[in-house]
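Here's a quick tour of the charged side-chain pairs in this one. Have a look at the model first, then read on.

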Amino acid sequence: MNENFPIYILEGKTCNIKKCTGRKLIKLGRARELDRVSRISRSSLVLSPAGERAISKEDVKWAKNGIVALDFSWNRPEEIPLIKAESRMLPYLIPVNPVNYGKPFKLSTVEALAAACAILGNLTQARELLSTQTWGNAFLTMNKIPLEEYARANNSKKVVEAQFLFVDRPDDPI
């Protein structure tokens, strides 16, 4: 894939401004800020823990219209707005950001956007986004194999199945 996906961020202003990776992407011109929910196109792809499906290659058609990150504190899910667009969850990945290092699923905004780009087949754009952070390349190194597996999966079901290569199933005996 050669063409970059348009990147948008709905800024919740709930994180530490000095550590906010979404704010940095906007400041550097790598993402456009959306000032309210109504600005999110219904034909775009929204990264959200409230999504009913995992992101997969079949979502490229939505991502071409834009990938939207909701830059809100996931510790306060009641503050995250409901979005009327194609919402997708990210699969199991390990963050390397200094705030949530090693805590599965607790990705920073830039990690989430980069993961989405990598899964959708644009690893170059993922690298460009992560280059804004001193620790950015470590995210791709830490998650290299999972991201490759998720990128090979052609639909949401296969992405969910691929997660179990990296985490134990809840019903597996210990």
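## Arg53 and Glu58

Let's start with Arg53: at 35% relative accessible area, Arg53 counts as partly exposed (that label covers the range between buried, under 20%, and exposed, over 50%, using a 1.4 Å probe and protein chains only). Its partner is Glu58, and the two side chains form a salt bridge with N and O 2.5 Å apart. The term salt bridge here means a side-chain nitrogen of Lys or Arg within 4 Å of a carboxyl oxygen of Asp or Glu. Glu58 is partly exposed too, at 28%.

## Ground rules

This is a predicted model, so local features need pLDDT of at least 70 and side-chain atom pairs count only at pLDDT 80 or more, while totals for chains, interfaces and linings use all residues. Residues are numbered from 1 along each chain as its sequence is written, and side-chain values use heavy atoms, with hydrogens and water left out.

## The other pairs

In total there are 8 salt bridges. One of them joins Glu33 to Arg23, with the closest N and O atoms 3.2 Å apart. That pair links distant parts of the chain, 10 residues apart: Glu33 sits in strand β2 (residues 32-34) and Arg23 in helix α1 (residues 21-27). Helices (H or I, at least four residues) and strands (E, at least two) are DSSP runs, numbered from the N terminus.

Lys158 and Glu161 also pair up, at 4.0 Å N to O. They're 3 residues apart in helix α7 (residues 156-163), so about one helical turn separates them.

## A network

Asp59, Glu86 and Arg88 are linked in a network of salt bridges.
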